[in-house]
Amino acid sequence: MDQERKNKILPYLMLMPAMAIMAIVVIYPIFSCIATSFTQEEAGGFGLENYLYFLADPMQLTNIGYTLAIVLVTVVLAVGIAYLLSIYLRFSNSRVSRWIGKLYLLPRFIPGLVAVNGMITIISNSGLLNRLSRLFGADWQLGLIYDAKGIILMNLWFNIPFATMLMGAAMSAINNSEIEAAKDVGAGKLRIFWKIILPLTYRDIFISATFVFMSNISSFTTPYLMGGNYPTMMGVTMYNLYGNQHFGRSAALSVIMFILSALSAVMYIYVNMRKDQWEKN
Amino acid sequence: MKITAKMVLGVLAGAMVLTTLTSCTSTATANDGKHFTIWASGSDNVKVQFEQQVSQFNESQDEYVAELQFITSGTGAESLSSRLIAAYKSGQTNTDYDLIEASDSEMVNYLNQCGEDFFVDVDTASMENYENLNYQPSVGQGMFIPYRGTTVLLAYNSETVPNPPTTTEELYQWIKDNPGRFAYNTPSSGGAGSSFVQTSIYNFLPEEALSSADEKWSEEWDQGFDLLESLHPYMYQSAGKVVYPNKNQGTLDLLANFEIDMCPAWADMVISQKMQGTMPESIQLVQLDPAFTGNLVGFAAPSIGSNSEGAQAFMDYMLSPEAQNIALESMAALPVIDFSLLDAELVKNIESLNISEFRSSSIGDLGTEINERWDREIATLG
């Protein structure tokens, strides 16, 4: 066999094992899930019954709306706070900022279940904060547990470090020389932000938003342990449906989740492909 | 000492030879009338219990040698009953399914699918410990020998509730008189909440309904659901909303932190957590009238096994005070023999409990239907 043909086949051969595993553990389950989602429980055969169930049932519509509301609030708060934090870490050189720079990734290394249970022992109605308040004669009932507010708080704990990490990378790509040049010609702080920092980093805002959106729309542990009974986030709804042996409906819900994630992925691709005026030559 | 690749290989090879040899011996002696196999499933504490009991049994006599096959729940536990029924229906005989652990609800399932011939009749007259047995199972008499009970009881804080309710009517009145101090977990997330919901509904129905999977009973649930709805506003609240915690442990956590005064709970969970010190001493248990649901768990010897004598000897042993002590200590199982025969130190944890009966529920798929209706009608009340 001549060298040239060998060179052509070799990369594919090397990709084969990875592709084979992908096909078995990712691609096949996706198709099987889609097939299940069209398998009707009541009428039998194939059809849209399971999807109509989610569109027609006010309870399920509330669940989907509740999920989207929590996820959107999480995205806005997490990305907003993380953006400010990453600017601070990039441009401040104080001791505090160096410490935060070292510590902010710590939450990423704590297993999710441990973090959620830790948070519960602090914020629950008889948790640490409540017990401290009772020392001073008060009785704070934070009302965070079994409520959307608690879920959002927990989501921020998980997602701020992650988004800061993504946007921190973009911040560190900004050259000091660009900022100094702007200062030399008399630009104020606000002007530097609008004309230099934001244009160089807005793409990463959208990218972090996409990732935060996708990882939260399917979350389970946090809403299961910290959420109320109704409405429930989609991950918990799916768990309940599956537990009650509604395999078709839970498959349809995963497809709906998949479509929502795909929509945010479209935004990710669009922002990535877009070329700004100054990038064209 | 340096660990070399050779040494590692040597150890591995040695281990392989050993395991091969052991498996040889066990197959060679499978049908010698001495060895028999016990099949059980469940969580780890059940396994710990059996390991102790099997080794004690094997040391206590020379006639039989028991071996344990344990299937940890969540790893194919369903397949024990499926395997067993499949083996029976495909006409296999002389298998090593000599003795199986089952609850009375599971016994209903076995007997429905395979008939009375599936299990060997036990010669109770020749069992020296049989007279100790205080409870008679409602199913499989003469073939099913219970060795422990498990039941949902009312757990309460004796400091804030010195006189706990003893009937369901008193309980409902207490709940209404003390808003926010009672909770039960969502019925689909654990047996304690499910038992509360099921008995609240089935207390309005004839007792036979609780052992029937017939769809017709679902038409008579309305009265029970009305009751649950009327209790709803008086349940535990957080952030101004009524909340039903997830999981059996969810309500127990509220009870342990004194956020509530009462909840339905599995007796063994409360007792073992008290033994570990995570549940305050002031938490007590009481059985109501009519009772929450529970089960007798025991043994039966499938007729397709090959050593029913050994199986019977083990059933006998399980009713001995020694075996009952192990069950009580390792998993806070409720003993089925008289407390006076047991280790006084262990009995302290349960002596106030006087369980007159284990009210078994076997309503099949109707249980799921109840949970769904609860999710739809009660959880959404807000």
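D147(A) is a buried residue, because its relative accessibility is 10%, under the 20% limit for that word. Even so, D147(A) forms a salt bridge with K241(B), and the closest N and O atoms are 2.9 Å apart. This pair joins two chains, because D147(A) belongs to chain A and K241(B) to chain B. Keep in mind as you explore that this is a predicted model.

**Salt bridges**

- Side chains of opposite charge can pair when their charged atoms come close.
- Over all chains, the search of the whole structure turns up 10 salt bridges.
- Where do the partners D147(A) and K241(B) sit? D147(A) is in the loop between α6 (128-135) and α7 (148-172) of chain A, while K241(B) is in strand β6 (residues 241-242) of chain B.
- Within chain B, K348(B) and E345(B) meet through their side chains in another salt bridge, at 3.6 Å from N to O.
- Are K348(B) and E345(B) buried or exposed? K348(B) is exposed, with a relative accessible area of 51%, and E345(B) is exposed as well, at 54%.
- A further salt bridge brings together the side chains of R373(B) and E377(B), at 3.1 Å from N to O.
- R373(B) and E377(B) are four residues apart in helix α13 (residues 366-377) of chain B, so about one helical turn separates them.
- E377(B) counts as partly exposed, because its relative accessible area of 32% falls between the limits of 20% and 50%.

**Patches on the surface**

- Which residues gather in a patch of negative charge on the surface? They are D214(B), E215(B), E219(B), E220(B) and D365(B).
- One of them, E215(B), lies in the loop between α6 (191-202) and α7 (222-231) of chain B.
- E215(B) is partly exposed, at 43% relative accessibility.
- Chain A carries a nonpolar surface patch of about 810 Å², made by I21(A), M22(A), I24(A), V25(A), V26(A), I27(A), I30(A), F31(A) and I34(A).
- I27(A), one of the residues in this patch, is found in helix α1 (residues 3-37) of chain A.
- With a relative accessibility of 36%, I27(A) is partly exposed.

**Cysteines**

- A disulfide is a covalent bond between the sulfur atoms of two cysteines.
- C33(A) is partly exposed at 22% relative accessibility, whereas C114(B) is buried at 10%.

- Most residues other than glycine have a negative phi, and most peptide bonds are trans.
- Y230(A) and P231(A) are joined by a cis peptide bond, with omega at about -5°.
- P231(A) sits in the loop between α10 (221-226) and α11 (234-243) of chain A.
- In chain B, a cis peptide bond joins D289(B) and P290(B), again with omega at about -5°.
- P290(B) is in the loop between β8 (283-286) and β9 (294-300) of chain B.
- F258(B) is not a glycine, yet its phi is positive, at about 60°.
- The loop between α8 (248-256) and β7 (262-266) of chain B holds F258(B), which is partly exposed at 39%.
- A332(B) is not a glycine either, and its phi is positive at about 50°.
- Look for A332(B) in the loop between α11 (321-331) and β10 (334-335) of chain B, where its relative accessible area of 1% makes it buried.

**One more buried loop residue**

- I355(B) lies in the loop between α12 (344-347) and α13 of chain B, and it is buried, with a relative accessible area of 7%.
- How far apart are I355(B) and V242(B), in sequence and in space? They are 113 residues apart in sequence and 32 Å apart in space, C-alpha to C-alpha.

Terms used:
Residues are numbered from 1 along each chain as its sequence is written. Chains are lettered from A and ligands numbered from 1 in the order in which they are written. This is a predicted model: local features need pLDDT of at least 70, side-chain atom pairs count only at pLDDT 80 or more; totals for chains, interfaces and linings use all residues. Side-chain values use heavy atoms; hydrogens and water are left out. Patches are made of residues with over 30% relative accessible area and no salt bridge: like charges are joined within 9 Å, nonpolar side chains (Val, Leu, Ile, Met, Phe, Trp, Tyr) within 5 Å. Accessible areas come from the Shrake-Rupley method with a 1.4 Å probe; for residues, only the protein chains shown count as cover. A salt bridge is a side-chain nitrogen of Lys or Arg within 4 Å of a carboxyl oxygen of Asp or Glu. Lys and Arg count as positive and Asp and Glu as negative; His and the chain ends are not counted. The place of a charge is taken as NZ of Lys, CZ of Arg, CG of Asp or CD of Glu. Buried means under 20% relative accessible area, exposed over 50%, partly exposed in between (1.4 Å probe, protein chains only).
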